[in-house]
Amino acid sequence: ARAANATLTADGALVVTLAAATRYRVYINAMLTTANATMDWKYDLNYTGTIGTIRCKRRHAAAGAIAGTDVENTLASAAIIPSTPVAATTTGVAYVEIEVNVLTVLGGTLQFRWAQNTSDPGQLTVLAGSYLEYMAVA
C-alpha cells in the first residue's frame with residue numbers, strides 16, 4: 001500500500017529480468033483498491049535495458065467506472081507504456097492489464113510501476129493475486 005506518495009515505484013511482485021537479444025511475451029494483471037472517491041493513480045512500464053522493438057496493449061478501468069462511458073480504457077502502442085493517469089469516481093477495485101511483445105537488445109529488468117497521481121493520505125493498494133507472466137518466444 002502507498003499513501004501520500006506520487007512517485008512511480010516498481011512493485012516487487014510485478015518485475016522480471018529479461019536476457020539480451022531475446023523475444024518475450026509478457027502479461028501483467030494488477031488489481032488495485034482506492035481508499036476514497038477522489039483518489040487518482042498512475043502506472044507505467046519501465047525497462048532498464050535496451051529495447052529493439054516493442055508492441056504493447058493495455059487496458060485499465062478505474063474503481064466506479066460507469067458502463068458505456070469509462071468502463072475500460074484501451075491502447076495499442078509501438079512504444080513502452082508511459083505514465084498513465086487514472087481517475088477514480090468511487091472507492092473500490094480497479095484493474096490494469098498489459099500485454100507486451102518485446103525484442104530486447106540489452107538485458108534488463110521490466111517493471112510495472114505505480115503510485116498515486118496526486119498525493120493523498122488514503123491508501124492505494126495493489127492486491128494479492130496480481131501477477132506477471134512471461135515466456136521467451138521464437
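## Overall picture

Of the 138 residues in this chain, 42% count as buried, where buried means under 20% relative accessible area, exposed over 50% and partly exposed in between, using a 1.4 Å probe and protein chains only. Please keep in mind that this is a predicted model: local features need pLDDT of at least 70, side-chain atom pairs count only at pLDDT 80 or more, and totals for chains, interfaces and linings use all residues. Residues are numbered from 1 along each chain as its sequence is written, and side-chain values use heavy atoms, with hydrogens and water left out.

Along the principal axes, the C-alpha atoms fill a box of roughly 45 × 30 × 25 Å. Contacts (heavy atoms within 4.5 Å) reach across the sequence: among those between residues at least 6 apart, 87% join residues at least 24 apart.

## Strands and their pairing

The secondary structure consists of zero helices and 11 strands. Both kinds of element are DSSP runs numbered from the N terminus, with helices being H or I of at least four residues and strands E of at least two. Two strands pair if DSSP finds at least two bridges between them.

Strand β3 (residues 23-34) has several partners. With β8 (residues 92-106) it forms an antiparallel pair over 12 bridges; here Ile 28 stands opposite Ile 98, and Leu 32 has Ala 94 as its bridge partner. β3 also pairs with β11 (residues 131-137) in the antiparallel sense over seven bridges, with Tyr 24 facing Ala 136. A further antiparallel pairing joins β3 to β10 (residues 123-126) over three bridges, and there Thr 34 stands opposite Leu 124.

## The open four-stranded sheet

Four strands form an open sheet in the order β2-β9-β4-β7, with antiparallel pairing. Its edge strands are β2 (9-18) and β7 (84-87), each pairing on one side only. From one strand to the next, the twist averages 15 degrees, based on axes that are lines fitted to C-alpha atoms (for helices, over the stretch in contact) and on angles from 0 to 180 degrees between N-to-C directions. Six bridges join β2 to β9, and Val 15 stands opposite Gln 111 in β9.

Arg 113 is also found in β9, which covers residues 108-116. Its side chain makes a polar contact with the side chain of Asp 44 at 2.6 Å. A polar contact is a pair of N or O atoms within 3.5 Å; within protein, one must be able to donate a hydrogen and the other to accept it, and residues adjacent in sequence count only if both atoms are side-chain atoms. Beyond four places in sequence, Arg 113 touches Leu 8, Thr 9, Ala 10, Lys 42, Tyr 43, Asp 44 and Asn 46.

## The nonpolar core

The largest nonpolar core has 30 residues, and Trp 41, Tyr 43, Leu 45, Ile 98, Val 100 and Phe 112 touch the most other members. Two or more residues come from each of β2, β3, β4 (40-47), β5 (50-61), β8, β9 and β10. Such a core is a set of buried Ala, Val, Leu, Ile, Met, Phe, Trp, Tyr and Cys residues joined through side-chain atoms within 4.5 Å. In soluble globular proteins, nonpolar side chains tend to be buried together.

Thr 104 lies in β8 and is buried, because its relative accessible area is 2%. Its side chain reaches the backbone nitrogen of Ala 21 at 3.1 Å. Leaving aside neighbours within four places in sequence, Thr 104 is in contact with residues including Leu 18, Ala 21, Tyr 24, Tyr 47 and Gly 52.

Ser 77 sits in strand β6 (residues 73-77) and counts as buried because its relative accessibility is 17%. A polar atom of the Ser 77 side chain lies 3.0 Å from the backbone nitrogen of Ala 79. Not counting residues up to four places away in sequence, Ser 77 touches Ile 54, Arg 55 and Cys 56.
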